Amino acid sequence: MISLLVGTGSSQTRLTAHKALLTRSSFFSEKLASSNSQVDLAEEDLDAISCFLEYLYTGEYFPHKLPSGNLEPDPEAPKIDDSGAHFLKHAKIYTLAEKLGMPSLKPLSHSKIHLITSTAIAELAYARYVYSHTSANDLTIRKPVASFWGQRSHVLSARDGGQF
C-alpha cells in the first residue's frame, strides 16, 4: 500500500492505494520506481485525487454516468450549477488526469462536463479554469469552450452579472 499525502498543514489528508493500481499512471510509475511508500501531493485537490483513485479501482467516479447518458443525482450539487463548482470538479479531474499521465480518464471527465446544466457565471468560471490550467494545444477541452463562447457571448454577456 502507498500513502498519498494530499494538501498541506491542518488540511492535509492521507489516502492509501495499491501500488499496482497507482503505477497504471505514468506519474506514479515514475515516483514509485524506487522503494517509496509515500507520495506528497501537497498542491493537488483532495476531491480530484479521490475521484482519480475511485476511477483506478472501478473505472468510474462519482457522480456516475447512468445508462441513460445522464449523471446520477448528486445530493450535494444544485440542479443548476450557478457558481461553476460542478463544472470545475470535472475540469480538475481532467487536468489531473493529464498531469498524472492517465489519458483514459480524460474522456470520461470531459464527457461529464457536457452533462451539467449551468448559468453564464458557471460557464465563465469554467472557461477561465480551462484556459489557465490546460495547454494551448489541448483542443479536446478548449475547442468546445471557444465554440460555446463564440456562439453565445452576446447572450451570456447580458446574463453573467457583469463578469463578462
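**Notebook: sheet and ring contacts**

I started at Ser-3, which stands opposite Gln-38 in E3. I am working from a predicted model.

Next I looked up how E1 and E3 are joined. Strand E1 (residues 2-6) connects to E3 through four bridges, and the two run parallel.

I then traced the sheet. It is open, has three strands in the order E2-E1-E3, and shows mixed pairing. I noted strand E2 (13-17) and strand E3 (38-41) as the edge strands, each pairing on one side only. On average, neighbouring strands here are turned by 25° against each other, direction ignored.

Which helix packs on the sheet? I found helix H3 (residues 46-58), which touches E1, E2 and E3. Its direction makes about 10° with that of E2.

I moved on to the rings. My search of the whole structure gave three aromatic pairs. Phe-27 and Phe-28 form one that is edge-to-face, with 5.1 Å centre to centre and 85° between the planes. Is Phe-28 buried or exposed? I logged Phe-28 as buried, because its relative accessible area is 0% and buried means under 20%. I also saw that ring pairs link Phe-27, Phe-28 and Phe-52 into a cluster.

Phe-87 and Tyr-126 make a stacked pair, 4.8 Å centre to centre with 20° between the planes. This pair links distant parts of the chain: Phe-87 is in helix H4 (residues 85-100) and Tyr-126 is in helix H6 (residues 120-133), 39 residues apart. I noted both Phe-87 and Tyr-126 as buried.

Last, I checked for a charge over a ring. The charged end of Lys-112 sits over the ring of Tyr-61, 3.6 Å from its centre.

Notes: Residues numbered from 1 in each chain as written. Predicted model: local features only at pLDDT ≥ 70, side-chain atom pairs only at ≥ 80, totals over all residues. Heavy atoms only, no water. Phe/Tyr/Trp six-rings, centres within 6.5 Å; stacked < 30°, edge-to-face > 60°. Buried < 20%, exposed > 50% of the residue type's maximum accessible area, 1.4 Å probe, protein only. Lys NZ or Arg CZ within 6 Å of the ring centre and 35° of its normal. Pairing = 2+ DSSP bridges. Axes fitted to C-alpha atoms, helices over the stretch in contact; angles between N-to-C directions. Contact = heavy atoms within 4.5 Å.
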